Amino acid sequence: MSNNVLIVEDQAMPRELFEIYIKSSEKFNHLLSVANASAALSVCRMNRVDLILMDVMTELGHSGLDAAEEIKKEFPETKVIIVTSMPEYSWLSRAREIGVDSFWYKDTQKDSILDVMQRTMAGENIYPDETPLIHIGNTTNHEFTERELDILKELTTGDTNAVIAQRLNLSVATVKSHIQHLMEKTGFKTRTELVSEARSRGIVIKNRRD
């Protein structure tokens, strides 16, 4: 019996490619494609879903990670593979924490999605070692510390250093120091330029629940 696959992807091209790959394999059956992660749980409640290919950023801003967390709690036997092209630093660790079975970067991973699907259904957990390497200014995202990335994500809100310090339970002086290090590493002259580049390249993405 082939495994029923639900695709949660709001972009037409990757969605259609996933559908083609699934239909080319006798091991998988394309059950349904939806554009909004908030609909995934309802599909699981009404159908036998063996595997979900879930993007993180879906239609209307709904998070695939939030949906995956709900699905794994209610349907722990349903396998979930997060698929994304965004290098946001916190998604890998969050996916592991909530029990996502595998994680696949659309544009950079050598393993084919069908291979990852088959290995995931066989009980493997397939995760990349790190996020994709992204150049930003004079450096790359891999040169930032995790705390610097935390600060950079908070900077995308436009909040003051004092508000960011309170949210992260840090002193204002510590926040200023991290921002200075970020500016020195990247070579940007203003925090607006730094934040704009980081956001546009997907290095940090602030979700509604963050």
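Contact means heavy atoms within 4.5 Å. The exercises below concern a predicted model, in which local features need pLDDT of at least 70 and side-chain atom pairs count only at pLDDT 80 or more, while totals for chains, interfaces and linings use all residues. Residues are numbered from 1 along each chain as its sequence is written, and side-chain values use heavy atoms, with hydrogens and water left out.

**Exercise 1. Determine where E148 lies, whether E148 is buried or exposed, and which residues E148 contacts.**

Step 1. Helices (H or I, at least four residues) and strands (E, at least two) are DSSP runs, numbered from the N terminus. E148 belongs to helix α6, residues 146–155.

Step 2. Buried means under 20% relative accessible area, exposed over 50%, and partly exposed in between (1.4 Å probe, protein chains only). Because its relative accessibility is 3%, E148 counts as buried.

Step 3. With neighbours within four places in sequence left aside, E148 is in contact with E143, H178, H181, L182 and K185.

**Exercise 2. Describe the order and pairing of the five strands in the open sheet.**

Step 1. Two strands pair if DSSP finds at least two bridges between them. The sheet runs β2-β1-β3-β4-β5, with parallel pairing.

Step 2. β2 (28–34) and β5 (102–105) are the edge strands, each pairing on one side only.

Step 3. On average, neighbouring strands of this sheet are turned by 20° against each other, direction ignored. For such angles, axes are lines fitted to C-alpha atoms, for helices over the stretch in contact, and angles run from 0 to 180 degrees between N-to-C directions.

Step 4. Four parallel bridges join β1 (residues 3–8) to β3 (residues 51–54); V8 has M54 as its bridge partner in β3. β4 and β5 also pair in the parallel sense, over four bridges, and T84 has Y105 as its partner in β5.

**Exercise 3. Identify the residues that touch the most other members of the largest nonpolar core, and the elements that give two or more residues to this core.**

Step 1. A nonpolar core is a set of buried Ala, Val, Leu, Ile, Met, Phe, Trp, Tyr and Cys residues joined through side-chain atoms within 4.5 Å. In soluble globular proteins, nonpolar side chains tend to be buried together.

Step 2. The largest core has 27 residues, of which L6, V8, I52, M54, V100 and F103 touch the most other members. Two or more residues come from each of β1, α2 (40–46), β3, α3 (64–74), β4 (79–84), α4 (91–98) and β5.

Step 3. Another core, of 21 residues, lies apart from it and includes F144, L149, I151 and M183.
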